[in-house]
Amino acid sequence: MSIPLTMPVERSTAVEERTRAIGRQIFSLVRESGGEGWLEARLMDLTLRDERVKAELFRFVDVLPVLSDDRQVVLHLREYLLSVQHRLPIWLVNVVRQMPDEGWPVEIVATLARFGASRMAKRFIPASNVPQALHMVKQLRKRSMAFTVDLLGEAVLSEAEADRYAAEYHTLIEGLADAARAWSSVPMLDNSPAGPIPRINVSVKLSSLFSQFDPASPEGTTTAVLGRLRPILQSARRRGVFVNFDMEQFAYKDLTLAIFRSVLSEAEFADWTDVGLAIQAYLESSGDDLRALVQWAQRRGAPVWVRLVKGAYWDYETVVARQNGWPLPVYARKAQTDANYEALTAFLIANHAHLRPAIASHNIRSIAHALALAESYLLPPRLLEFQMLYGMADPIKTSLVAMGQRVRVYTPYGQLLPGMAYLVRRLLENTSNESFLRAGMHGHATEEHLLMNPLQNLEIQSTSRHDPRNAVLVQRPSFVNEAMVDFTRADQ
C-alpha cells in the first residue's frame, strides 16, 4: 500500500516550488560539468534506441561468459543479431552474414566481442579483487564521494559456494577496514549531524548465504542464513564497518525483512546503528513495509538506515506474475513508482529519528524533492545522503558534491560471470525508454518536463486514450485457470 502525502496545501505548494528550483540548480550544474561523454551518448543512442535490438544484444552479453569456444561466440552473435536484421543498418547485416565459421577470422571476431563486453562490464563492475576495490574506493574518496561495495553473485547453487561467498565477505571487510585506518579524514563523508559515518560500507545479499534460500521454508532458510550472517555482522561491527542488506526479487522481500529484524533484535546487535536495508518503491507493498519497519525501530530503540530505491526487477516481476496468474506486485506505470517514491521519501524524512534516509536515485526530480522536503523539516545538511550506481550519472554525482551533499556510490566487486545478472539489470535500467538518464541526458525531454510532479504525469496519462504498456498488463482472456498458490507468501 502506498503512503499518501498528507502535508498541508501551503506546505505542499512550497515544497513543490522549491523542488523545481533545486532541480533547475542541479541541471545547471550538470550542464556546466559537460554531461556524459559525447562518444558514450552517441553509442547509446545509435545502438540501443531499438528495444528489440537491445534485447538481443543483452541476451548475447548474458550468455557470453559461458561460451569458451570462439566458434560458439560467432554463432551466437550471428543468431541474435540476424533475428532482428530488419531493424539493423544494411551494412551491419551484411557484415554479420559474412562472419566466418572457421579459421583465424573466427578468433578475431570472438576476441573483439569479448573485448567489447569486457569494456562494457568494467564501466559498471570496476573491481574483481580487494586491491582493485581499494584503488577504486580511494579514487572515489578523492572526488569527495563515499562508497558501498557490493560483492556480486546471488542464488548460489551449493553450500560450498555459499561458504566461499561468506568467506569473501570476511576478506572484503577485513581488507578494507585495515586499509581505512591509514586514510585521511574527509569530514563531508565521515561525519553527519547524527554522528560519525563508517568509512567502510558493504552491501550483502542474503540469497548468497544459503544455496536453498526459499521463502516457502522460512524457518530453515532463516537458520541457515543466520549461521553465515552473524559472523559477518560480528566482524563488521568489531571493525567499524557499515552493513546494508540488499533487496532482491519480490518473492524474497518478506523473508529478507524478517531476517533483518530478527538478527538486529538480538542482544549483541540491538543497539547497532551502522546498518541498513533497501526498500523498493515500485512495490505496492512498500508503504506497509516502511510503516512496520518504523514501528519495529521504535521498539528496538536504535535507528537503522533505509536505502530507498525504485527497483531493478520490473520486467522479471511482471513476467512471473503474468505466468502464474498472480496480482502484479509492482506498479504498472513508471509515474506511479515515481509518485510512490516521493511519498516514501516524505515518510522517511518525517521519521528520520528512526529510519535514516538514503535516497538512491539518478532522477533529478526525485533528488530535488528529497532536498526540498529536508529543508521544509529544517533538517541539518547531510542528515540524509544520496546514493547512485558506479558507472552511471557521474555529472549528477559531481553536481550534488558541489552542493555540499554526501554522495555514496554503489560499487560492485567480483568476477564477470557471477556479475552478469547485475550487469544486464544495469544496462536495462540505463537504456530503458522510460529511464530518466536516457530521457534527460541522451534524449530530448525538456528540463521542465523532467521536473514535473509525477502526480501530474499520472493525470496526463489517465486522459490518454491508449497506454500500450498498461494495455499489455491488464488484458485478460474471457476464461482463466485458477492461479497457482504462491507458497512464498505467509498468508497462503
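How do strand 8 and strand 9 pair, and over how many bridges? The points below take up that pairing after the overall description.

1. Basis of the note. This is a predicted model, in which local features need pLDDT of at least 70 and side-chain atom pairs count only at pLDDT 80 or more, while totals for chains, interfaces and linings use all residues. Residues are numbered from 1 along each chain as its sequence is written, and side-chain values use heavy atoms, with hydrogens and water left out.

2. Overall make-up. The secondary structure comes to 21 helices and 10 strands, where helices (H or I, at least four residues) and strands (E, at least two) are DSSP runs numbered from the N terminus. Of the 492 residues in the protein, 52% are buried; buried means under 20% relative accessible area, exposed means over 50%, and partly exposed lies in between, with a 1.4 Å probe and protein chains only. The protein exposes about 22400 Å², of which carbon and sulfur atoms supply 56%, the areas coming from the Shrake-Rupley method with a 1.4 Å probe. Among contacts with a separation of 6 or more, 78% are between residues 24 or more positions apart, a contact meaning heavy atoms within 4.5 Å.

3. Strands 8 and 9. In answer to the opening question, strand 8 (residues 355–360) pairs with strand 9 in the parallel sense over 3 bridges, and two strands are taken to pair if DSSP finds at least two bridges between them. Within this pairing, A360 stands opposite Q387 in strand 9. Strand 9 (residues 385–389) is mostly covered, with 5 of its 5 residues buried. In a regular strand the side chains alternate between the two faces of the sheet. Here E385, Q387 and L389 point one way and F386 and M388 the other way, and all are buried.

4. Nonpolar cores. The largest nonpolar core has 102 residues, and those with the most contacts inside it are L229, F245 and L355; such a core is a set of buried Ala, Val, Leu, Ile, Met, Phe, Trp, Tyr and Cys residues joined through side-chain atoms within 4.5 Å. Helix 8 (residues 159–180) gives the most to this core, with 9 residues. Leaving aside neighbours within four places in sequence, L355 is in contact with L290, L293, V294, A297, V304, V306, F347 and L348. A second, separate core of 20 residues includes L67, L77, V96 and M99.

5. Helix 14 (residues 334–350) has 17 residues and reaches 24 Å from its first C-alpha to its last, close to the 24 Å expected at 1.5 Å a residue, the expected span being 1.5 Å times one less than the number of residues. Because 14 of its 17 residues are buried, helix 14 is largely enclosed by the rest of the structure. Q336, which has its place in helix 14, is partly exposed, with a relative accessible area of 22%. The C-alpha atoms of Q336 and L455 are separated by 7.8 Å, although the two residues are 119 residues apart along the chain. Leaving aside neighbours within four places in sequence, Q336 is in contact with Y331 and L458.

6. R141 lies in helix 7 (residues 130–142) and is buried, with a relative accessible area of 9%. The side chain of R141 reaches the backbone oxygen of S184 at 3.2 Å. Leaving aside neighbours within four places in sequence, the contacts of R141 include W183, S184, D190 and R199. K253, in helix 11 (residues 250–263), counts as buried at 3% relative accessibility, and its contacts, on the same exclusion of neighbours within four places, are with M247, L283, S285 and D289.

7. Positive phi values. Most residues other than glycine have a negative phi, and most peptide bonds are trans. S144, found in the loop between helix 7 and strand 1 (146–151), has a phi near 60 degrees, a positive value in a residue other than glycine, and S144 is partly exposed, with a relative accessible area of 23%. L378 likewise has a positive phi of about 60 degrees although it is not a glycine; L378 lies in the loop between helix 15 (364–376) and strand 9 and is exposed, with a relative accessible area of 75%.

Technical notes: A polar contact is a pair of N or O atoms within 3.5 Å; within protein, one must be able to donate a hydrogen and the other to accept it, and residues adjacent in sequence count only if both atoms are side-chain atoms.
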